[in-house]
Amino acid sequence: MHSESTTSRTGKKLPALAAAVLVLLFVLTGNGTARGAVGCDLNDPDRDVARLFPESTGYKTIYTSVLQKGGEKLLAKVESRLGDKFHGIYETIDVPYTIYEIFTNKKKVGYIHGVNQKGQFGGIQVFLALDLEGRIKAFYIQKMTSQYAGKLRDAKFGRQFTGLTGKDFDHYDVISGKAAGKIEGIRNPVPEAEADFRAALRAAKKNLVLMDEFVDLTP
Amino acid sequence: MITKFQVAYRNLLRKKMRTMLTIIGIALSAWVLVSLLGFNRGYEISLNKDIDNMGFQLMVMAKGCPYEAATLMLKGGTGLRYIKRDVVDEVMREPEVEQTTPFLMAAVFDPNKGESGGIAGYFGVEPKSFSAMKRSLKFRQGKWFTDENAYETVMGYEAAELEQREVGDMILMPEKNVQFKVVGILDRTGTQDDGTIFIPLKTAQKIFNQPDEITTIGIKLKSGADSARLEEKLYKLPDVQVVSLTQVKDTIMSLISTAKVMVLSIALIAILIAMVGVINTILASVWERFQEIGILKTIGAMPWDIFQLIWTETLILCTVGGILGVILALVLARVTDILIRSVLPYAPGGGLVVIDWKLVLVTLAAILGIGLLSGVYPAWKAGRIRPLEAIRGEVGR
């Protein structure tokens, strides 16, 4: 179907075109001035993508948010699936999320996505490398402030997440920390950092829930 | 009776596309002119505001010491040099000084930031003198430290956001493994304070084992005090350097002046193109109505009447174009702001393009003046047309 502006004569097209350009500029500058919440990006995407997805040859970056994707309704769904409310002044509906779509040659092979999570002594940034069905290929804590951060950021701890999916995390209660199934098998390497261990698990679950809503990871 | 204005208006409507394109040309020139003049005003206002927000006009530090957070981050705290706390008292004795506040900047290495670690900066401040000087800082949550020896922190908005901290939370200083309670989170300021973690000066001195040392003194001058004279006196203190924010401002303004000259040149070219457009449009319109003007003269129109008629057309074009340009500048001020920011090496916070009514009126007057000047030649040419030659269609063809 053709819109009126495309079928009308050139003389009538100009005002419509000008209006469209103005609207576009407003939208663009509106986004530019927005002082929304902080997102979670890889510090060095070229290096990190190659490390987390060794078979990748390239990636594409997509920006989205719960607000953009479905607003309050989606937020309620995400919170219900997570089993916890978004809380604090930083975990909000307008938090921007960066999704890295990973390609091997021209074929999409997976995603990398990170979330911010409140930890005991600072922000924790948890990235997951996922295949197209949402199975974790790599777990990476980019930033964590804790005396014991080294142990939680260790590759040995991260390997416990490999192969897990969103369905596995359905058996993890982020509020009580009670786990069943495969999640029960994830061991905390530092009992003194229980709060940060649980924060990392909550971040992983939130990450998987959000990714499923954003890109549909259903096999 | 039909007026000259109505005749001129109808003449312009005869060639709608040409008239519209001429108006667009004038509007674009007016847009560039208003935006440029608005930028001239806005940049200086914003820069002054940024400097005022710092709360002090002079800084004293050890010679060779980095005085800016970015430098501190790049050097990882290794380039820091210290001055004795007593220097503050010496500075305070100067009659030009209203207030002083000492800082201790420090940086620690955080191995758990990214793959290869990163630097975390801390700013030790005296709660009383610092808050008195930085009155523009507003709290989003909480307040300043309860005690000058407390293990408490006030975080800039972006620092708090990155660390996901709220009042009552704890933060850990990496490397030193010292815990602090978050007692305040500042509102956004658009300055480097947003990314700063403030701790009490005495606590910072204790943690970094610099019991009687500081890195910087911020100095607020009394109203009307001679800054240059004070600078000279301060330079006599041993091993210190003085940074005047007026100098910083002047340096930035001189850097920006190059960009301003370039934009001004573009504006002048745009105005020249618009002038040529106006002359072309009106001249073409005169030649097209060559015979018509001749007939007007044979029925009694004087050269001055024809001159006025043609000049009125110019006036209409310039007025409409000028008003459209001003509207465009007002509506797109934010876009212009973003474009300018993207090309400038440094842009202060706040609006870079400030357009007020005085500026609008000046621009409209300039556009009308230039436009009317452009219309003089075609109007004069039209006024000199000889009736009989025009009717025969022999001249000007």
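The chat below goes through a predicted model of a complex with chains A and B.

User: What ipTM does the predictor give the complex?
Analyst: The ipTM is 0.75, and the pTM is 0.66.

User: And what is the mean pLDDT of chain A?
Analyst: Chain A has a mean of 83, with 82% of its residues at 70 or more; pLDDT is the predictor's confidence in each residue, from 0 to 100. Chain B averages 83, with 93% of the residues scoring at least 70.

User: Where is confidence lowest in chain A?
Analyst: In helix α1 (residues 4-7) of chain A, at a mean of 30; the highest is helix α9 (residues 194-215) of chain A, at 95. The pLDDT is below 50 over residues 1-35 of chain A, a stretch with 12 contacts in the model beyond near neighbours in sequence. A contact here means that the C-beta atoms of two residues, placed from the backbone, lie within 7 Å. Where pLDDT is low, the predicted coordinates should not be read in detail.

User: How many helices and strands does chain A have?
Analyst: Nine helices and five strands. These are DSSP runs numbered from the N terminus, helices being H or I with at least four residues and strands E with at least two.

User: What is the strand order in the sheet of chain A?
Analyst: It is an open sheet in the order β1-β2-β3-β4-β5, with antiparallel pairing; strands pair if DSSP finds at least two bridges between them. β1 (58-64) and β5 (136-143) of chain A are at the edges with a single partner strand each, so one side of each has no neighbour in the sheet. From one strand to the next the twist averages 20°.

User: How many bridges between β2 and β3 of chain A?
Analyst: Six, joining β2 (residues 97-104) to β3 (residues 107-118) of chain A. F103(A) is opposite K108(A) in β3(A). The loop between β2 and β3 of chain A holds N105(A), which has a positive phi of about 55° although it is not a glycine. Most residues other than glycine have a negative phi, and most peptide bonds are trans.

User: Is N105(A) buried or exposed?
Analyst: N105(A) is exposed, with 8 other C-beta atoms within 10 Å. By C-beta atoms placed from the backbone, a residue is buried with 20 or more others within 10 Å of its own, exposed with 12 or fewer, and partly exposed in between. Buried residues make up 36% of the 219 residues in chain A.

User: Which helix lies across that sheet?
Analyst: Helix α3 (residues 45-52) of chain A, which runs at about 60° to β2(A). Axes are lines fitted to C-alpha atoms, for helices over the stretch in contact, and angles run from 0 to 180 degrees between N-to-C directions.

User: Switching to the interface. How many residues does the contact take from each chain?
Analyst: 26 residues from chain A and 18 residues from chain B. On the side of chain A that touches chain B, α2(A) gives the most, with four residues. That side divides into eight nonpolar, 14 polar and four charged residues. Ala, Val, Leu, Ile, Met, Phe, Trp, Tyr, Cys and Pro count as nonpolar, Asp, Glu, Lys and Arg as charged, and the others, Gly among them, as polar.

User: Chain B now. Why is β1(B) called largely enclosed?
Analyst: Because four of the five residues of β1 (residues 58-62) of chain B are buried. β1(B) is joined to β11 (residues 216-221) of chain B by four bridges, antiparallel, with V60(B) partnered by I217(B). β1(B) also pairs with β12 (residues 240-244) of chain B in the antiparallel sense over five bridges, and M59(B) is opposite V243(B).

User: At what angle do α1 and α11 of chain B cross?
Analyst: Roughly 65°, with the axes of α1 (residues 4-14) and α11 (residues 303-331) of chain B coming within 9 Å. Their contact divides into seven nonpolar, three polar and two charged residues.

User: Is R14(B) buried or exposed?
Analyst: R14(B) counts as exposed, with 11 C-beta neighbours inside 10 Å. R14(B) lies in helix α1 of chain B.

Key: Residues are numbered from 1 along each chain as its sequence is written. Chains are lettered from A and ligands numbered from 1 in the order in which they are written. This is a predicted model: local features need pLDDT of at least 70, side-chain atom pairs count only at pLDDT 80 or more; totals for chains, interfaces and linings use all residues.
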